[in-house]
Amino acid sequence: MTVQLRFPPRLIGARQPGGIDQTHRTLAPWALATVVLTGQAMASLDAAIVNVAGPAMQHDLRLSGAALQLAIYSYLLMYAVALVTGARLGGRYGFGRLFGYGVAIFTVSSLACGLAVNPVMLVAARTAQGLGAALLVPQVLSLLQITFDGARRRRAMSLYGLVLAVGVAAGQVLGGILVSADVLGTGWRPIFLVNVPAGVVVLAAAAGRLPAGSRVGRARLDLAGAAWLAVAILALIIPLTFGADAGWPTWSWPALAAGVAALAVFARHERAIAANGREPLIDPALLARPGIRGGLAAIFTLHASYGGLLFTTAVYLQHALHDSPLQSGLTFAGYAAGFATASVTWTRMPSAWQPRLPQAAFAVFAAATGLLAWLTIDGGWPWQATGLLVMAGAAHGTGFDTLVHRTAAGVPAALTAAFSGVLATINQLAIVTGIAIAGTIYLSAAAAPMTAVLVTLAAALTGAGMRGFRIGVPD
């Protein structure tokens, strides 16, 4: 049975569903957006900021190559595995409450990362960071959706998309700056410690002042579904994350097959749970709604292309052209600038153009990667290449924002929590998939590896654009 969520009142002074007293005023809408998007920014930045600090961390803590990989990716693994469960917990116990719990865990574990004295402490703290992110991130979209409507929701969704995707590129720049500055001789540690004051400010601003949303009841959590989803995601992410660097060993292929099989079992389990009138982890009614599958597929394609371009550009600039991590991060900042500009301006385009913006975004992104392939075929990185990164970022920002807005518009309030978790999981899986595929092509190409990657991206984006993902109509 589907239970409809009610939008919370702006002034919460009465007893809310679930028996929780809220005696504080909720934050004003744009103050709320600032608070929750700051939490989102912390999680997005941390997915990338650690990459540029890898060599310094490895030297200081005497990490082996495998331990360094685990320190970097343990955050992402826990983040992806627990996202959907975090979304369902938000729907059950209140979006505002789970956001606060997530920020608190993330802040404390960031302090532990910055103070780590051995590999075990660092990996454990990074894993806890991932758990905190998985609790806070799904609540961001839910809180924005129940707070805004109409044109203000479009602007809020634009800011959400901006923070979500630019965070990875900005993380590389900020990480390069902090490591290069070597603040008080602390080396890599400020990349984690910078989260502590930000987290304290967010917690102070949010305490008791975020809406809960109406609860979906106290039905038993779908723990079996959560377990099957965790097995599936781990089986897919681990070989995609480590397989390319290890030369795709024999174990990686059975692991991928097991991941696909576990997803099939999970889908069957969720249908059975829903048919029995219980609350599934991901309601099959969500994916059955018009346009949802097509919208998520389009978002996955954009983010996978972004992840592949981000990773291989950094490798190419630092290894082939011998740029420093900071120089590499600053180069990719052009992409972030294009994304930021498009994210806050696409709504001003003529209304007659907006239905075709997703297809146009795929076309422009494909053209930019194709031209980059031509510019880099002989090696080097001419100034025009950075200009093309700006164009690619603008296309990504426009496509991502319009797709998120249109897809979310078709989600009823009762499925908000489920959609938030699915979207956040799709974002993470897409980036990992893009990195794995593009990284494999780059490492295995006999000549002009960057060009090979860029040609592949251009072909994939062209095919996706020609398919013409239709949002708001039946898949």
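**Close-up views of a predicted model**

**View 1. Aromatic rings pair up at eight places.** The structure holds eight aromatic pairs. Here a pair means rings of Phe, Tyr or Trp (its six-membered ring) with centres within 6.5 Å, called stacked if the planes are under 30 degrees apart, edge-to-face if over 60, and tilted for the rest. Take W30 and F148: their ring centres are 4.6 Å apart and their planes sit at 45 degrees, so this pair is tilted. It ties together distant parts of the chain, with W30 in helix α1 (residues 29–49) and F148 in the loop between α5 (119–147) and α6 (150–181), 118 residues apart. Helices here are DSSP runs (H or I, at least four residues), numbered from the N terminus. W30 is partly exposed at 32% relative accessible area, while F148 is buried at 1%. For these labels, buried is under 20% relative accessible area, exposed is over 50%, and partly exposed is in between (1.4 Å probe, protein chains only).

A quick note on the model itself: this is a prediction, where local features need pLDDT of at least 70, side-chain atom pairs count only at pLDDT 80 or more, and totals for chains, interfaces and linings use all residues. Residues are numbered from 1 along each chain as its sequence is written, and side-chain values use heavy atoms, with hydrogens and water left out.

**View 2. Y75 and F106 meet edge-to-face.** The ring centres of Y75 and F106 are 6.4 Å apart and the planes are at 70 degrees, so the pair counts as edge-to-face. Y75 belongs to helix α3 (residues 65–93) and F106 to helix α4 (residues 95–114), and the two are 31 residues apart. Y75 is buried, with 1% relative accessibility, and F106 is buried too, at 0%.

View 3. Helix α13 runs over residues 325–345, which makes 21 residues. From its first C-alpha to its last it reaches 30 Å, close to the 30 Å expected at 1.5 Å a residue; that expected span is 1.5 Å times one less than the number of residues. There is still a bend of about 25 degrees at G334, taken as the angle between axes fitted to the seven residues ending there and the seven starting there. G334 is one of the buried residues of α13, which also include S328, F332, Y335 and F339.

View 4. A pocket here is an open set of points on a 1 Å grid over the protein atoms alone, where a 1.4 Å probe fits and protein lies on both sides within 12 Å along at least five of seven lines; lining residues have an atom within 4 Å of a point. The lining has 19 residues, and L263, F266, I282, L287 and V422 lie nearest the centre. By class there are 14 nonpolar, one polar and four charged residues (nonpolar: Ala, Val, Leu, Ile, Met, Phe, Trp, Tyr, Cys and Pro; charged: Asp, Glu, Lys and Arg; polar: the others, Gly among them). The largest share, five residues, comes from α10. Helices supplying at least two lining residues each include α9 (223–242), α10 (252–275), α12 (292–320) and α16 (416–444).

View 5. Most residues other than glycine have a negative phi. D182 has a phi near 45 degrees and is found in the loop between α6 and α7 (190–193), partly exposed at 38%. For H322, phi is near 60 degrees. H322 lies in the loop between α12 and α13 and is exposed, at 65%.

View 6. A298, in helix α12, is buried at 0% relative accessible area. P55 in helix α2 (residues 54–61) is exposed instead, at 58%. P55 and W188 are 133 residues apart in sequence and 9.3 Å apart, C-alpha to C-alpha.
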